Structures are given as structure tokens and as C-alpha cells.
Amino acid sequence: MTSHIAAGSAFQVTVQPSGRQFGVEAGETVLAAAIRQGIGLPYGCKDGACGSCKCKKLEGRVHHGPHQAKALNDDEEAAGLILACSATPESDLVLESRQVTDESAFPVRKMPARVQSLERLAPDVMVLRLQLPANDPMRYHAGQYVEFILRDGARRSYSMANAPHLLVREEDGVTIGPSVDLHVRHMAGGRFTDHVFGAMKEKEILRVEGPFGSFFLREDTQKPIVFVASGTGFAPIKAILEHMQFKGIDRPAVLYWGGRRPADLYMDSWVRAQCALMPHLRYVPVISNALPEDHWSGRTGFVHQAVLEDTPDLSGHEVYACGAPIVVESAQKDYVQRAGLPSEAFFADSFTSEADKHAG
């Protein structure tokens, strides 16, 4: 299967084993060209910080722009790996990436969004509900994210926390939609989140672009699923759980949700209710820094380690991990090296903050 190569493209990229092809314009990164043309390469932050878009270069030459060593180190680059979000081709390329699929790529669009409501679920977590244009609803996979485009062109990324079939829904007898919920954690001093938790009002108009990301459920297997969430990394997993229930997907699944203190598990009661609706779903909340006044009697420690304690052999599983970069990176390393998880069975969305993107 091949894609049409646009006239005037500087170089051609072929992705194996799918055989899909696309053109890259002069000065354009591999990932930017893929997103522009609806090619479903895996990616997360698009800023050289998370490493989700790493893939194997089989033929050709690239130049890497600025990126973090933890996303692609010198040894990996020497071994032929590239970071698609910062790699600019210097010749035609042949890449190996096993996540390229036709149906994964919905068109990326810019649109206005109106603030419909703001609901604080924890001292530092706000559910921001955005009303989208009714005449041309956005199509997305549960687990994907949108970017806010700020006035100066800066961007902030947030995952949709409701499944696509819930773009339009009914609450208290009132039809709502099309709208998406985003879970926003307050980062002290963060320009966008300070506004969300401060001056933002209902009916404010924002600009968003999406959908982005390759964090969505792979439905071509019956392998049991392990979900690992830290903090607001729960948002895209919530959307995936709603999608599974809607589609009648009954693969065994377990959600490990980690926080520092119990209040960080800001939709704990929702998850417990969801387990009643999905008998194949189990829930393991994990708290790392409980205080005596929390009266916490559940699992303690680091959320990614709780998975290893319960399932030391992950060779037959798929893992979907979302949240703080340290959690995602630790999970990937330990699950592959210590628990036998195939590297291609690890799907992640690393919630890189602006500080994370500019570290290192």
C-alpha cells in the first residue's frame, strides 16, 4: 500500500513493514510531514522530550534538531534510531515503524472552542469542558489530545477525557455537546494553568488544534491490558475505558492509578462505578506519600512498581501508560527489561510540561 507523493516534495519516506510512503518538504521534520498527510506514525510531545516517536532508520540520512538525550541518546542514534519529531531528512528514507495504520489518522484541524464549564475536582485539578463547533464535529480516537494555541503561538497539550461517542451526551436531562472534557492540573507559575485556575470564565473563546497522538487502544488483539496512570494521566485512559464499554470490548484489563495523596485520585468513585459496569476491569489505586490524616489503607509506593509486584511476567500483555515522564520512562524500561513485555506492546503518552520540554 502506498500513499500519493506530492509533487515538489524534497524527499520521500517509506515506512516498513506497511509500505506506506509520504513526501517531506525541505526543512520539514519527518513527523510534521507524516501528521500533515495523515500517516499514523507514533508520537507524543512533538518537542524532542518524550521519545515516543523513536523509530529505526533502515536507509538514508537525517539531521537531528534540538532534543533531549533521554528521548534519543548518542548510542541509540549510532545504532540507527531516529527521533521523527526532530529529524529532517537529507535523503530519501526507509524507516521501520510498526504502528503505522490507515485508520489511526483522523484529519488534524484548527477550530474555535468555547469554555462551557469549569469544575474543580481536586485542589489542583480542573475539568475544563469545551464546546466545539456543532456543524463539523472533530473526529478522534479515545486517548488522543488537542493543543491550545495561545495568543503568541505557544501551545499547551491536553487529552480528551471523554470517548468520541460522548461528544454529545445528556446530563440532568440537558443535552450537552459537541463538547470535550479536559483534566487540567494547576502548575504554579504556568501561564495557561494559572489562567484556567484564575481569570478563565465560561463562554471564553479559545483556539484548539487536533486530534494529535498515537495513544489509543489497539483493537487487533485479545491480549489482557494493563493501564498505568499517574495524576491527570488518568484523563485519556478514562476515555479509553468509556470506549471499551461502548464497543463491548471485554478483554481483561486492570487500571493502576497512582498519586501522591488520595485526593490526587480525583475520580476514584467514577472508576469504582465503571468497574461495576465492566466486570473484566479491575482497579488498583496506589498512593506514594500518604499522611496519617489520609487514613490510607490501600497500596503504597510507586504505581509502576505495583504492576511488577502483581504481574512479574508481562510477556503476554499490552501496557498503556500515561502521566508524568518519570513514571512512563520507568515503566517502559522495567517492564521490557524485567518483565518480558515486548517493546511494541508498550503504548505511552508522557505528559511533558513546558519545564520538561526545556530541561536538559
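Me: What makes the charged end of Lys-46 count as sitting over the ring of Phe-212?

Reply: A charge sits over a ring if NZ of Lys or CZ of Arg is within 6 Å of the ring centre and within 35 degrees of the ring normal, and the charged end of Lys-46 is placed over the ring of Phe-212, 3.7 Å from its centre. The charged end of Lys-238 likewise sits over the ring of Trp-270, 5.1 Å from its centre. This is a predicted model, in which local features need pLDDT of at least 70 and side-chain atom pairs count only at pLDDT 80 or more, while totals for chains, interfaces and linings use all residues. Residues are numbered from 1 along each chain as its sequence is written, and side-chain values use heavy atoms, with hydrogens and water left out.

Me: Why is Phe-234 called buried?

Reply: Buried means under 20% relative accessible area (exposed is over 50%, partly exposed in between, with a 1.4 Å probe and protein chains only), and Phe-234 has 0%, so the residue is buried. Tyr-266, with a relative accessible area of 8%, is buried by that rule too.

Me: Why is the pair of Trp-257 and Tyr-266 called edge-to-face?

Reply: Rings of Phe, Tyr and Trp (its six-membered ring) pair if their centres lie within 6.5 Å, and planes under 30 degrees apart count as stacked, over 60 as edge-to-face and the rest as tilted. The centres of Trp-257 and Tyr-266 are 5.2 Å apart and the planes stand at 85°, so the pair is edge-to-face.

Me: How many aromatic pairs does this rule give?

Reply: The count comes to 11 aromatic pairs, and one of them, Phe-234 with Tyr-266, is edge-to-face at 6.1 Å centre to centre and 80° between the planes.
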